[in-house]
Amino acid sequence: MKDNNLTLGEFIIENQKHYESTSGEFSRLISSIKLASKIVNYKVNKAGLIDILGAAGDINIQGEDQQKLDVYANNVFMQTLINREIVCGIASEEEDDFVTIKGKHETNENKYVVLIDPLDGSSNIDVNVSVGTIFSIYRRITPVGTPVEKIDFLQRGNQQVAAGYVVYGTSTMLVYTSGHGVNGFTLNPAIGSFYLSHPNMKFPEKGKIYSINEGNYVHFPQGVKDYLKYCQEEKEDRPYTSRYIGSLVSDFHRNMIKGGIYIYPTSSIGPKGKLRLLYECNPMAFLAEQANGLASDGYQRILDIKPTELHQRVPFFCGSREMVKKAEEFMAKYPDDANY
């Protein structure tokens, strides 16, 4: 069977050999995420025709204005996972706290917890620019049958079972890893199935794209400023090309295919950075490492950071290996900036 004829469901079944034991729960979990993403995709594609654009009028836990589509996407993913009773708990970037899911007998024997950013890049919704969904899956730590505690969610990224994203763009793609490489599946809207279109995705070792909001240059730490000057020098294979969409999913997806680095550092106006460790950085770091890339906070591996709170923010350097290593060299000259 050719790769582009292989559906996401068939791919998961074929790759169950990677797991020592499987009860089908993981397959059903990915299937639920797939279903929710198709529902959100349908609504995103109708955004200019129905009353789903603009602010919802609420502020989320991050202190940000919620967009209507933020709220809609969050409800779809939360309800799809809750109704199917295939996870024991969910944490969302749009929720104040995690949600514990009780089973039919007031306990839950399901093995996994999910952390999700339902709609990444929502500030781009009103201008018809690509947005996405990011998800992260962990195996629960608490004993089966007991309520889920915060300990299940505050795990290091290196404990992830799977992670991925959905990009709602010119075509809709679901890209994920379960620790055995990264594969991308494109939605055929005519029949509603995801087909393997990008097998074994890899970051090029070298890249020529840097993605950062240069409008905040004056607020960046000196190591980042120096690296940007390096990227812009007319030496060797430089200057590099600046490409910044403002949607992590979209910037990451482009850089993985073409080769590049994404940077969202600390700054004088955001001393801890902006991106969330659990909902954005950990899943993207897992994907990056599985795709021959690297992910760092500028000084240490993202996946080794011990989370201390659900909505923790960290700086993020992610992409082609040589580019991330070079950025870390510049950051290492200013070790005091590591104390964010």
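Trainee: How do helix 2 and helix 3 lie, roughly parallel or roughly antiparallel to each other?

Mentor: The model is predicted: local features need pLDDT of at least 70, side-chain atom pairs count only at pLDDT 80 or more, and totals for chains, interfaces and linings use all residues. Residues are numbered from 1 along each chain as its sequence is written, and side-chain values use heavy atoms, without hydrogens and water.

Angles run from 0 to 180 degrees between N-to-C directions of axes fitted to C-alpha atoms, for helices over the stretch in contact; under 35 degrees counts as roughly parallel, over 145 as roughly antiparallel, 65 to 115 as roughly perpendicular and the rest as oblique. Helices (H or I, at least four residues) and strands (E, at least two) are DSSP runs, numbered from the N terminus. Here, the axes of helix 2 (residues 25-45) and helix 3 (residues 68-84) cross at roughly 150° and come within 9 Å. The two helices, helix 2 and helix 3, are therefore roughly antiparallel.

Trainee: Where does proline 239 lie?

Mentor: Proline 239 is in the loop between helix 4 (222-232) and strand 12 (241-242). A cis peptide bond, with omega about 15°, joins this proline 239 to arginine 238.

Trainee: What is the phi of glutamate 236?

Mentor: Glutamate 236, although not a glycine, has a positive phi of about 50°. Glutamate 236 is placed in the loop between helix 4 and strand 12.
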